[in-house]
Every structure is written in C-alpha cells, then in structure tokens.
Amino acid sequence: MTSSETAPGRGTAVVIGGGLAGMFAAWALRGYADRILVVERDRYPAEPVFRAGVPQGRHAHLVLEAGHRALEEMMPGIKQELTDAGATRVAASGDLRWLSSAGWMADYPAQMAFLSCTRPVMDKAVLDRVRAEPSIELLEGTEVVGLLGSARAVTGVKVRERGPERSEVHEIPAELVVDATGRGTPLPGWLAELGCAPVPEERVDAGVTYASRLFHRPAGADLGCKAIYLQTKAPDAPYLGVLLPVEGNRWIVSLAGMRGGEPEPGEAGFAKQLTLLRDPSIREALRDAEPAGEVRGFVPGPGVRRHYERRSPEGLVVVGDAANTFNPVYGQGITVALFCARALRRATLRHGGIGHATARDARRGVATVSKNPWVMSSAEDARFAGTTGGPSGALLRVQHAFLDKVLTAATRNPAVTSAFHEVMSLVAPPALLFRPAVLGAILRS
C-alpha cells in the first residue's frame, strides 16, 4: 500500500440512493463504518404504497431463489415478515405455469420458490430493518449533486435538500462512497466533472416496454396454479405476460413487448396486448376480475453493464442497476443487487474496514456476480431483430441452438426442467446444464 492510499478502517460510508440496492449495501456495511449515511431524494411513506422515486415499482417484481437465500442470510427472519405482510409463496413448479418458447415446462416436485408481493411490501420490510440499525442514518428529501475528490479518489459527496427553492450545497466527507441510484444514475456525469475517463461499458437494447395493472381476484377463482408466465418466442412473438398473486387477495398482471411489439397506451392497449400473448390463460383468468388500479406503463431503457472494476477512482463502489441494468423480463435485478451487497460485505470482512483496498475488492466482486446474469439476459435479447447492441457471431448461434434444445427437453423431462430452473434462479451457474446426467437428458430429447 502506498502512502497516498486509505488504509482499511472505520469512518464514514455514504450510500447514494435509498432503494433496495442502497438499503442492501448500507446493511452490508454494518460494523465496519462508524457512520453509514443513506442519501435518498424521496421521503419514505409511512405505509407500503407506490412512490414516484421507484417508477418500476408498479410492475411485477420477484426475488429469485438465490436472492431469497441471500436476503435471508443478510436479514434472518425477513421471509416470515414478508409472508406476514401478505406475500404468497410460489413454488417454481406446480404453483407456477411457465410457457417457454418450446412449450409448457414439465412439472416436478420443486424445492425452489419465490415470495410474490408488490414492490412496496418488499421495500417496507427492508426499510424497517435498516431503520432499526443504529449505525445507519437515513437522509431523506436530499439529493447528491456531485462528488468530492479527484480523478484519483472519491472523498465524499455534495448534497442539498430538495424543495421548491434551491437550498445550499453541503459537503459530506467519506472514506467510502457507494452509488445505488439505479438505472438512471448520474454517476458518469459526476465522474466526468472530476476529470475521470468514461468507464468501459456494454449495451444491449431490446426496446422492451411494460404495461401493468392490479386486479381483485374473483371469489372462487381457480387457475390450477398460483402464477402464470407466458414467455416470448423469438423472432416472431415478442410479447410476454405474467400474472402473480399479491397481498390483498389481488393479482398483478404485467404485459410487455420487445421493440415492435410494445403495448399501446391505456386500457385499450392493455386489452389488445392480452390478445397477442401466445396463450389465452391470462386473458381468461381476468375475464371476471375487477381492476384494482389504472394501467401503468414503463420503458426501462437499454441494458447496460458498466465495468468499474476496470476503471474507477479509489473509494467508490457501484451496485445494483447503477452498475448493471438488465432487461426486467428476466427478473434478475433485485437478486443481483443482493449479490452486490454480499460482495461488498465480503470485501469489508476480508479487509477489516472500508478503505481503498476494500472498494477495489468490492468492485471486482460486483463484476463477478453480475457476469452470468448479464451473459444470459443479453444473449436472449439478441434473439430479436429489433435489438440493438449485444453479442453476435457464431458462438452466440451455438448458444441459442443449445438453449433451444434445453427448453425442448424441459417440456418433457422434469430433471432438465429442474436444472434449468436452478440456472434461471441464479442458484447454479449455466455449467450445470453440461453435467453428464443433465446433458444426456437434453441430447436424448
């Protein structure tokens, strides 16, 4: 370590953004910073309601099996708290009917599951845990407007209180700054102001657009399952739909289309999109269901993977969507944010504090845990003719051909379905599909 580096130790850590990624990061830093300050632009509501600062919050959300394991490890007992708040356990098979591009997935006795609820229920459960931690301070209604430091090292943040009048800018020195501001992160601009060169990045844009609505579940409704997922089928069927049970005896239904298949606005557009799905099961389920809210649209924008492990000033870690923005149709975002927090926690444990070495280690960890999800999602996005960016070439065609064989086998062979679910739930790496027993079943199919 050179004399200019910050040695591992205690001090102040500032987390920019108080969404789930920011809360997970702040929680991960407990015990290794004297002060953990979360700077959040919004003010948190007293009850679990949708808030403007989370525009994606009105759409179907889930935490994959690997994410639930990480969350329970970080915050023991939170799965029960979510259940008590109305979340429904949905097993990966049996409770969930999944129409892949090759057909309906075969059923098997699944141990994996996810808890289905609206985003505000998840947010409040995590927020309540964080608020109870004495070392974490929430600075609500405040925005970060820039960074302190230089192109070599970030040493804090500049903040001001939000309001009708522009308030005075204050400086908060910090030994560690964590960006968790989400897919619209202003960090690249702040780094440019410090004289930093642009961070290397990958982009893929399938042009996905969402339309979602809550419905009251009709009395006596029996779908034969708890949830339905109707997947796209490239290149000719760029439409998908999901129906999930949520608290208050309701369903949340999210419809989406890749570029060229985007839902049209409003109720008429929502109804039309239902007719374009590859199977009528969601449309039939909603025949007698009363709406519990308006149709809400969302355009998430491109998927972006930013390589801060390759180029970054010291003292900075980027987590969640600010580091890696995925197409939401694959449900990876919250789980990868949990992986990022776990990587940050492990770095603090290894180095015994929050110095520059910890930040470098954490950046490498974030890159590692996001690699497989990025490869999986960007490769699937590339199937659609309207997608811009992303992978291409002979290797990609081989990957697509193999995955098509996997999906075909998963409609017939429960062992393949189970293995595929483990990979898609981020419990196991894609290499699981190449284990002799699984690969043999795939090739026989």
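Modeller: The second largest pocket has a volume of about 260 Å³, a pocket being an open set of points on a 1 Å grid over the protein atoms alone, where a 1.4 Å probe fits and protein lies on both sides within 12 Å along at least five of seven lines; the volume is the space filled by probe spheres set on the points, which are joined across faces, edges and corners. This is a predicted model, in which local features need pLDDT of at least 70 and side-chain atom pairs count only at pLDDT 80 or more, while totals for chains, interfaces and linings use all residues. Residues are numbered from 1 along each chain as its sequence is written, and side-chain values use heavy atoms, with hydrogens and water left out.

Lining the second largest pocket are 15 residues, of which Phe339, Val369, Asn372, Leu426 and Val427 are the closest to its centre, lining residues having an atom within 4 Å of a point. Two or more of the lining residues come from each of α2 (65-74), α8 (333-351) and α9 (356-381), and α9 gives the most, five residues; helices here are DSSP runs of H or I with at least four residues, numbered from the N terminus. By class, the lining has 11 nonpolar, two polar and two charged residues, where Ala, Val, Leu, Ile, Met, Phe, Trp, Tyr, Cys and Pro count as nonpolar, Asp, Glu, Lys and Arg as charged, and the others, Gly among them, as polar.

Turning to α8, its contact with α1 (heavy atoms within 4.5 Å) brings residues including Phe24 and Trp27 of α1 against a set in α8 that includes Leu338 and Arg345.
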